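Here is a briefing for someone meeting this structure for the first time. Please look over the sequence and the model before reading on.

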Amino acid sequence: MRPAAALTVLSCLLLSGCGGTDTDSAATTTAPGGGATLEELWRAPGDDVAVIPGTQNHEPGNDRVSFLVVDAEGRVVTLPTARLWVSKALDEPPYLETEAKLERIGVPGGAEADATHIYVATVRLPRAGKYWLLAEPEGGSTKVQALGNVIVSKQDAPPDIGDRAIASQTPTLASTGGDIAALTTRTPPDESLLRYSVADSLAAKVPFVVTFATPKFCSSRTCGPVVDVVEEVAHHFEGDDVRFIHVEVYEDNDPANGFNRWMQEWKLPTEPWTFLVDGKGTIVDRFEGTVSVTELEDAVRAKLVE
């Protein structure tokens with residue numbers, strides 16, 4: 001996500017980006033954290049650090065959370081799972097304890113991100129306000145506790161699950177006369193994702209995945225090579241009636257010009273964003289920030305393929 005600011009432990013604005021409707025299946029139901037306050041859990045022996053958020057937009061509900069944990073030596077932690085506690089205040093016990101799973105960023109042989117993996121979980125944020133989160137990767141030789149907070153708005157700007165997709169006449173190979181440089185900053189070009197527009201796909205009543213992303217200018221630790229992921233997933237659904245679309249985010253592909261009109265039409269304050277839209281034109285899932293091949297493939301199979 002852009003920009004990637006340095007976070008202090010008590011001011012980092014974490015995660016839990018909206019974009020999923022999964023329930024907290026891994027959440028415990030009794031005494032999360034053993035009755036200790038969130039600060040007491042954080043003050044337990046080990047490295048006390050801040051999370052690096054993968055998302056910035058938050059609404060009440062069951063939200064997808066992605067984040068990095070970096071230890072005191074500056075190394076990204078890549079243990080398979082992390083315990084995640086959520087509390088309404090540092091001096092209160094957590095009301096939720098769940099598990100975050102490590103997901104790969106990008107695809108083998110594709111573009112490289114600053115980090116190769118990211119933690120992902122679904123957390124319940126019942127109402128607008130400020131929440132505190134504590135992540136503790138499991139199984140390492142050195143205990144690491146990463147703290148952050150998240151501000152939940154009553155309604156964020158981007159289209160949500162259940163909303164109608166915006167009928168943007170996004171550019172295609174046909175509409176630009178085959179001008180690849182105007183359509184994508186990816187090397188090599190992702191031509192298979194440049195064939196269809198959002199508006200035409202809605203008119204055709206065809207389910208589709210659209211990602212708003214800029215491969216060349218995605219520079220934060222957590223945005224990841226999302227276009228590579230979308231292209232890889234598209235290959236898995238060749239023969240299915242699902243379209244995959246990539247839309248660049250900057251006017252004339254120049255960050256100095258600000259976001260283009262398609263980002264503005266979709267009211268996207270950050271990038272990347274990936275949306276799943278069904279044949280009725282309804283958004284059925286969304287992912288802010290990086291998304292793994294597994295996450296996206298599972299969502300497409302469950303929500304777009306009959």
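The points below cover a barrel, a helix, a loop residue and some aromatic rings.

This is a predicted model, in which local features need pLDDT of at least 70 and side-chain atom pairs count only at pLDDT 80 or more, while totals for chains, interfaces and linings use all residues. Residues are numbered from 1 along each chain as its sequence is written, and side-chain values use heavy atoms, with hydrogens and water left out. Helices (H or I, at least four residues) and strands (E, at least two) are DSSP runs, numbered from the N terminus. Buried means under 20% relative accessible area, exposed over 50%, and partly exposed in between (1.4 Å probe, protein chains only).

**The barrel**

- A closed barrel is made of 7 strands in the order 1-2-5-4-3-6-7, and the pairing is mixed. Two strands pair if DSSP finds at least two bridges between them.
- From one strand to the next, the twist averages 35 degrees. Axes here are lines fitted to C-alpha atoms, for helices over the stretch in contact, and angles run from 0 to 180 degrees between N-to-C directions.
- Strand 5 (residues 117-125) has 7 of its 9 residues buried, so the rest of the structure largely encloses it.
- Strand 2 (residues 61-69) pairs with strand 5 in the antiparallel sense, over 7 bridges. Here V65 stands opposite A121 of strand 5.
- Strand 4 (residues 96-104) also pairs with strand 5 in the antiparallel sense, over 4 bridges. L102 stands opposite Y119 of strand 5.
- Strand 6 (residues 129-137) and strand 7 (residues 144-152) are antiparallel partners over 7 bridges. K130 has I151 of strand 7 as its bridge partner.

**Helix 4**

- Helix 4 (residues 226-236) is mostly covered, with 8 of its 11 residues buried.
- The buried residues of helix 4 are V226, V227, D228, V229, V230, E231, V233 and A234.
- Their cover includes strand 8 (208-212), strand 9 (243-247), strand 10 (273-277) and helix 6 (293-303).

**Loop residue T184**

- T184 sits in the loop between helix 2 (180-183) and helix 3 (198-203).
- Is T184 buried or exposed? It counts as buried because its relative accessibility is 6%.
- A polar atom of the T184 side chain lies 3.0 Å from the backbone nitrogen of R186.
- Leaving aside neighbours within four places in sequence, T184 is in contact (heavy atoms within 4.5 Å) with P189, D190, L194, H246, E248 and N253.

**Aromatic rings**

- The structure holds 9 aromatic pairs. Rings of Phe, Tyr and Trp (its six-membered ring) pair if their centres lie within 6.5 Å; planes under 30 degrees apart count as stacked, over 60 as edge-to-face and the rest as tilted.
- One of the pairs is F212 with F275, edge-to-face at 6.2 Å centre to centre and 85 degrees between the planes.
- F212 lies in strand 8 and F275 in strand 10, so this pair ties together parts that are 63 residues apart in sequence.
- F212 counts as buried at 0% relative accessibility. F275 counts as buried at 0% too.
- Y250 and F259 have ring centres 5.5 Å apart and planes at 20 degrees, so this pair is stacked.
- Y250 is buried, with a relative accessible area of 8%, whereas F259 is partly exposed at 25%.
- Ring pairs also link F212, W266, W273 and F275 into a cluster.

Notes. Polar contact = N/O pair within 3.5 Å; in protein donor to acceptor, adjacent residues only side chain to side chain.
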